[in-house]
Amino acid sequence: MRGEKNLQSITTAHPDGIGGSPLRPDGTLKVRGEFAYSSDLWHEDMLWGMALRAPHARARIISVDISGALATPGVHAVLTHDDIPGSKYYGLEIQDQPALAIDRIRYHGEAVAIVAADHPETARRALAKVRVEYEVLPPITTEEQCLDPETYGYVHEPHEYKAHASGNIVHQQKVVSGRGVDDEVRALADVVVSGDYEVGMQDQAFLGPESGLAVPAEDGGIDLYIATQWLHVDREQIAPVLGLPENKVRLTLAGVGGAFGGREDLSMQIHACLLAQRTGKPVKIVYSREESFFGHVHRHPARLHYEHGATRDGKLVYMQARIVLDGGAYASASPAVVGNASSLSVGPYEIPNVDVLAVALYSNNPSCGAMRGFGAVQACFAYESQLDKLAAALGMDPVELRQLNAVSQGSFLPTGQQIDAPAPVATLLQKVKDLPLPPPLDLAHPDIREMPGALSNTSHGEGIVRGVGYAVGLKNVGFSEGFDDYSTARVRLEVIGGEPVAMVHTAMAEVGQGGVTVHGQIARTELGVERVTIHPADTAVGSAGSTSASRQTYMTGGAVKLAAEAVRQELFRLGRSRYGWTGNDLSLVGGKVVSASAGVLVSIADLLGDRAIDLTREHHHRPTVPFDKETGQGFGHVQYTFCAHRAVVDVDVELGLVKVVELAACQDVGKALNPLSVVGQIQGGSTQGLGLAVMEEIITREGKVRNPSFTDYLIPTILDTPPQPVEIMELADPHAPYGLRGVGEAPTLSSTPAIVSAIRAATGLALNRVPVRPEHLTGT
Amino acid sequence: MRVTFTANGREVEADDVWEGESLLYVLRERLGLPGSKNACEQGECGSCTVYLDGAPVCSCLVAAGQVQDRAVRTVEGLADPEHGLDPVQQAFIDAGAVQCGFCTPGLLVQTHDLLEREPQPSDNDIREALSGNLCRCTGYEKIMDAVRLASARVSSTPEVSR
Ligand code: FES
Ligand code: FES
């Protein structure tokens, strides 16, 4: 196999432990172009796999004829669901998704057949020869259609599969607290505002395409080199389809080019393995960008109805919300997204009376699942829009209104869960408000690149107005609702070339977030060494859980800490038995065992000799419970995290173009294990929120995706993205390792409403939908 | 068909190239130079940027046959075998501009070209020059830092051979 430098261990030496910003261990490989992403792998004698995708959103499959494809020279296998040796279904939470379509098509782009050939072009031509006869059916695409299956039909026919017990509803969750919301409660409010909001379907649009290499092994098993977010949950879903026991399916993480939730579901994994199993040869699959848009789940588009009541002096009295999420054809993570959307629907505010219902629907639109912010993004756009509206109705400053109602440590959320860690929401808002504002647009000496429309040369400064907006959000960290979301780490300490070296082995998916850097820092801090080797992530060690839900530093970082502490204790035990040390004041510093009272005792190298200490530990967070079905009550979330944004925008009101001039953020990260990465995460997350605010949306018509390319699905470029000052706070969470808080998602919540708020401030328009498009601004 | 050209100063030859293959495909799959990345293969993201006869191009948009007898320089050819990493490469690492790194090779070539043309670009110059390179992870702020850092280093050490 070629191109595998990062599939072997990477060793780096650095003095910095936690709190420092040492450089990425994989950085040099990445800038040299030597880091092997999953699409870079290459094997002697390998074949190329490819899938045939349905051109309809809803159809019955009458027949599939693969004979022409099979007869194509250079083709080694063509498979349909008939060829699957094991279970035909898989899924993250509900096993409702066929690995290859059976009888029915439920979304545009569903895979029907797969082929393995000696060149990608051969595969493409072979697929063109597969004859599929469809009976095209009217797709179920709107909320009204989904909720009326008697008239419009079922996405999953009743009693066909496990998924359809409640018609086209995947999952729903209520949250009721205080007195709920009825006319008596409404009468307690002096001012009421309500609104209907809509969030479009956003795509993760990670740059590295879905790809991997499946290699048949001599024992009849499969070795899969893959870009994913969670190796073990992939294996759990792959092995039954291949008809293999889990221990015969071994996964190694290949380089991952971004993820953002889009790699939490399987994409090409099963297809590559099936083809490798059938042909006995290594099979590589690399999605094109178009196929990537079809091959992964997206962010749930949402329709939200919100009503808030407040007293004349601005105290929130009640909130009622109805949140409808379009889950698309298969369940994916929809149940958990509903859990988040409902339980986090109030935002970081104290509201005594709450009544919320969140629902995810099955439809014939593209499947939706995990994306950065996970159900909290949609709610945040709605509640922050509402708070601006309420501030206007009350004649109050919108930041002051938020501060007046902000949660703090000790507050109760409407789930009944008390926030038992710092929650500096009012302070975050104040800090972001106090940052200096950017200078006004210099119309005397305009640089067109700073204007709305920028290089397109559309505007020279006429009709440009500036606006400023604020928002703050509430996000949970980790998997919730009773899930025992553990992680495993193995740490080995040995002497190599006369120097102590720590090796860290986990199954954590490094997707770009920098977990590998932090693991080195933790090992250095706990073991007092400089050299750390990061073992490639694979299934030879226990599960690390998913690189999602902002949980990986908390969970796998926590596991590395536990394992390193265990190694340290073992080293001390060795020293005590050899040298008879008695004190309890030992530590490891600079490669030496040091006693607080007696100074340096011995070097780690001398103490260890040619021995190695190799220990594995699991980190479990404190237990949570599922929310009560009817009331949403329960200690459901592990940890909460908060981020506030201030956006400054220039809007060309004649052309309907928006230029975000500056996007400032302030976030409490508990403890910044690596400040450089933390700031990078906040800026990256904020930019995805910017994309949702002003440009990103998968457009479907009758269930068909209209823009599956980077030509038509726009993500922010460097010209669309403004300077992003970031201020971090570090108020330790007493329940978390080192006091840290998950960082990655919170910034994606509030950046969107902050930008829309700024556009409203500039234009005076209501703007209840994201992304905001030029026609919304010009009224055309 | 057979295509012969120089890649990073070395004569290379690819055999049995199908007429529809791109330079990107030939580099990655036939010559073992996977540094140039395949994020869209439609000329939209810039991840596949290489120098062709000294000018940056999207290698996914160049047909393999077009490079016959020409000179290609990829990200693999930026580092100097004697002096180690190019200042642009080092600056991207130092500034924290590399997260997943998939956009990095294309950005490095584009930045390298920018600084060769204009060693001390303004922020607007940087944004304009890099506007064809998508990055989904960083939010670009640290990429701006990296280019400024590389610019400062290049400008202050003119003797470094680039
Ligand atoms: S891969 Fe060539 S521009 Fe995207
Ligand atoms: S670092 Fe991931 S795309 Fe730029």
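**Note on the predicted two-chain model**

1. An open sheet in chain A has six strands in the order β10-β18-β17-β16-β11-β32, with mixed pairing. Here strands are DSSP runs of E with at least two residues, helices are runs of H or I with at least four residues, and both are numbered from the N terminus; two strands pair if DSSP finds at least two bridges between them. β10 (169-177) and β32 (769-770) of chain A stand at the edges with a single partner strand each, so one side of each has no neighbour in the sheet. Strand β11 (residues 191-199) of chain A runs parallel to β32(A), and two bridges join them. A:V199 has A:V770 as its bridge partner in β32(A).

2. On conventions: this is a predicted model, in which local features need pLDDT of at least 70 and side-chain atom pairs count only at pLDDT 80 or more, while totals for chains, interfaces and linings use all residues. Residues are numbered from 1 along each chain as its sequence is written, chains are lettered from A and ligands numbered from 1 in the order in which they are written, and side-chain values use heavy atoms, with hydrogens and water left out.

3. Strand β3 (residues 59-65) of chain A has antiparallel pairings with two strands, taken in turn here. Two bridges join β3(A) to strand β7 (residues 104-105) of chain A, and six bridges pair β3(A) with strand β9 (residues 131-136) of chain A. A:R60 takes part in both: its bridge partner in β7(A) is A:R104, and in β9(A) A:R60 stands opposite A:E135.

4. In β15(A), A:V283 and A:I285 point one way and A:K284 and A:V286 the other way, yet all are buried (under 20% relative accessible area; exposed is over 50% and partly exposed lies in between, with a 1.4 Å probe and protein chains only). Strand β2 (residues 47-53) of chain A runs parallel to β15(A) and is joined to it by two bridges, with A:L47 partnered by A:V283. Strand β12 (residues 211-216) of chain A pairs with β15(A) in the antiparallel sense over four bridges; there A:G212 stands opposite A:I285.

5. The contact between the chains (heavy atoms within 4.5 Å) takes 65 residues from chain A and 54 residues from chain B. The buried area is about 4600 Å², of which carbon and sulfur atoms give 57%; buried area is the accessible area (1.4 Å probe) that two parts lose on being put together, summed over both. A:V31, A:L207 and A:I718 lose the most area in chain A, together 18% of what that side buries.

6. Across the interface, 30 residue pairs are in polar contact, both residues being at pLDDT 80 or more. A polar contact is a pair of N or O atoms within 3.5 Å; within protein, one must be able to donate a hydrogen and the other to accept it, and residues adjacent in sequence count only if both atoms are side-chain atoms. α1 (27-32), α3 (120-128), β15 (283-286) and α17 (675-694) of chain A each supply at least two residues of the side touching chain B. α17(A) gives the most, with eight residues.

7. Six salt bridges are counted between chain A and chain B, the cut-off being a side-chain nitrogen of Lys or Arg within 4 Å of a carboxyl oxygen of Asp or Glu. In one, A:D40 meets B:R28 at 2.8 Å, N to O. Both A:D40 and B:R28 are buried. The whole structure has 56 salt bridges over all chains. A:D40 lies in the loop between α1 and β2 of chain A and B:R28 in helix α1 (residues 23-30) of chain B, so the pair joins two chains.

8. Within chain A, A:E143 and A:R303 form a salt bridge at 3.2 Å, N to O. A:E143 lies in helix α4 (residues 143-146) and A:R303 in strand β16 (residues 302-310), so the pair ties together parts 160 residues apart in sequence. A:E143 is partly exposed at 21% relative accessible area, as is A:R303 at 41%.

9. A:N6 lies in the segment before β1 (10-13) of chain A and counts as buried, at 9% relative accessibility. Its side chain reaches the backbone nitrogen of A:A36 at 2.5 Å.
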